Amino acid sequence: MKKIIFTLVLFVFTFSFLHSYIGLDDSKDAIQASQNSKKTTSASSNKTKQQPKQKLAKAPDFEVKDIEGKNFKLSDFKGKVLILDFWATWCPPCIEEIPGFNNLYSSYQKDGLEIIGLSLDNAGEKVVKDFVAKNSIKYKVAMGNAEIADNYGGITGIPTTFIINKNGEIASKHIGFTSKADFEKEIKKLL
């Protein structure tokens with residue numbers, strides 16, 4: 001069983017690497033296999049892959065409790081620009097993005113920016129809560145789940161980050177590490 005899991009994880013990492021660096025577009029079978037496994041993996045790229053512009057879709061609403069135990073819905077943030085980040089405490093590119101998110105939140109919250117980090121950690125809320133405290137995360141963090149991930153098209157690699165405009169529409173999607181400067185350019189246009 002361990003060999004099967006190791007092989008699956010190795011396959012997903014390899015696919016993520018190839019997809020990010022070579023730009024494979026016709027690998028739908030590998031994506032489907034990754035989605036069927038219900039495993040999320042760290043996107044193994046230092047490059048971001050921004051999805052092409054299309055008609056803006058409404059961001060699917062969800063309701064969760066943040067790590068402080070307060071319920072909130074995505075729709076509570078209508079009228080604000082939102083960064084919605086699917087991440088995990090064990091994911092190096094996710095961790096690398098946190099200081100940039102903290103900086104953006106401090107700089108632009110007064111202008112209407114909100115950030116939500118939805119953790120996909122299997123280890124549970126306590127691990128995430130301890131990580132948030134240790135790393136001084138300033139923005140809202142909650143536990144994500146398979147239903148939310150599926151509603152956002154299936155999260156095949158993390159970090160996966162959505163920029164949502166003031167109307168609650170998905171303005172962009174990033175898979176893999178994205179720099180603070182890239183996020184800042186996008187949100188400034190939307191604020």
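Visitor: Does Cys91 count as buried or exposed?

Guide: In this predicted model, the relative accessibility of Cys91 comes to 0%. Because the term buried applies under 20% relative accessible area, a residue at 0%, as Cys91 is, counts as buried.

Visitor: Which residue does a disulfide join to Cys91, and what is the handedness of that disulfide?

Guide: The structure holds one disulfide, and the residue that it joins to Cys91 is Cys94, with an S to S distance of 2.3 Å. Cys94 has a relative accessibility of 1% and therefore counts as buried. The torsion about the S-S bond of Cys91 and Cys94 is about 75 degrees, so the disulfide is right-handed.

Visitor: Which residues touch the most other members of the largest nonpolar core?

Guide: This core holds 45 residues. The elements that give two or more residues to it include strand E4 (81–87), helix H3 (92–108), strand E5 (113–119) and helix H6 (180–190). In general, nonpolar side chains of soluble globular proteins tend to be buried together. Within this core, the residues that touch the most other members are Phe62, Leu84, Phe86, Leu104, Leu118, Tyr152 and Ile164.

Visitor: With which residues is Leu84 in contact, leaving aside its neighbours within four places in sequence?

Guide: Leu84 is one of the residues that touch the most other members of the largest nonpolar core. Once the neighbours within four places in sequence are left aside, the residues in contact with Leu84 are Phe62, Ile116, Leu118, Tyr152, Thr160, Thr161, Phe162 and Ile164.

Visitor: Which residues form one aromatic cluster with Phe62?

Guide: Phe62 is among the residues that touch the most other members of the largest nonpolar core, and Phe62 is also in contact with Leu84. The residues that form one aromatic cluster with Phe62 are Phe86, Tyr152 and Phe162.

Visitor: What is the angle between the planes in the aromatic pair of Phe72 and Phe77?

Guide: The count comes to eight aromatic pairs. One of them is formed by Phe72 and Phe77, whose ring centres are 5.9 Å apart and whose arrangement is edge-to-face, the angle between the planes being 80 degrees.

Visitor: How many residues apart are Phe101 and Tyr139?

Guide: Phe101 and Tyr139 form an aromatic pair that is edge-to-face, at 5.9 Å centre to centre and with 85 degrees between the planes. The pair links distant parts of the chain, for Phe101 lies in helix H3 and Tyr139 in the loop between H4 and E6, a separation of 38 residues.

Visitor: With which residue does Lys140 form a salt bridge?

Guide: Lys140 lies over the face of Phe72, at 4.9 Å from the ring centre, and counts as partly exposed at 25% relative accessibility. With the closest N and O atoms 3.3 Å apart, the residue that forms the salt bridge with Lys140 is Asp66.

Visitor: By about how many helical turns are Lys126 and Asp130 separated?

Guide: Lys126 forms a salt bridge with Asp130, the closest N and O atoms being 2.8 Å apart. Lys126 is exposed, with a relative accessible area of 59%, whereas Asp130 is partly exposed at 40%. Because Lys126 and Asp130 are four residues apart in helix H4, their separation is about one helical turn.

Methods:
Residues numbered from 1 in each chain as written. Predicted model: local features only at pLDDT ≥ 70, side-chain atom pairs only at ≥ 80, totals over all residues. Heavy atoms only, no water. Disulfide = S-S within 2.5 Å. Buried < 20%, exposed > 50% of the residue type's maximum accessible area, 1.4 Å probe, protein only. Core = buried A, V, L, I, M, F, W, Y, C linked by side-chain atoms within 4.5 Å. Contact = heavy atoms within 4.5 Å. Phe/Tyr/Trp six-rings, centres within 6.5 Å; stacked < 30°, edge-to-face > 60°. Lys NZ or Arg CZ within 6 Å of the ring centre and 35° of its normal. Salt bridge = Lys/Arg side-chain N within 4 Å of Asp/Glu carboxyl O.
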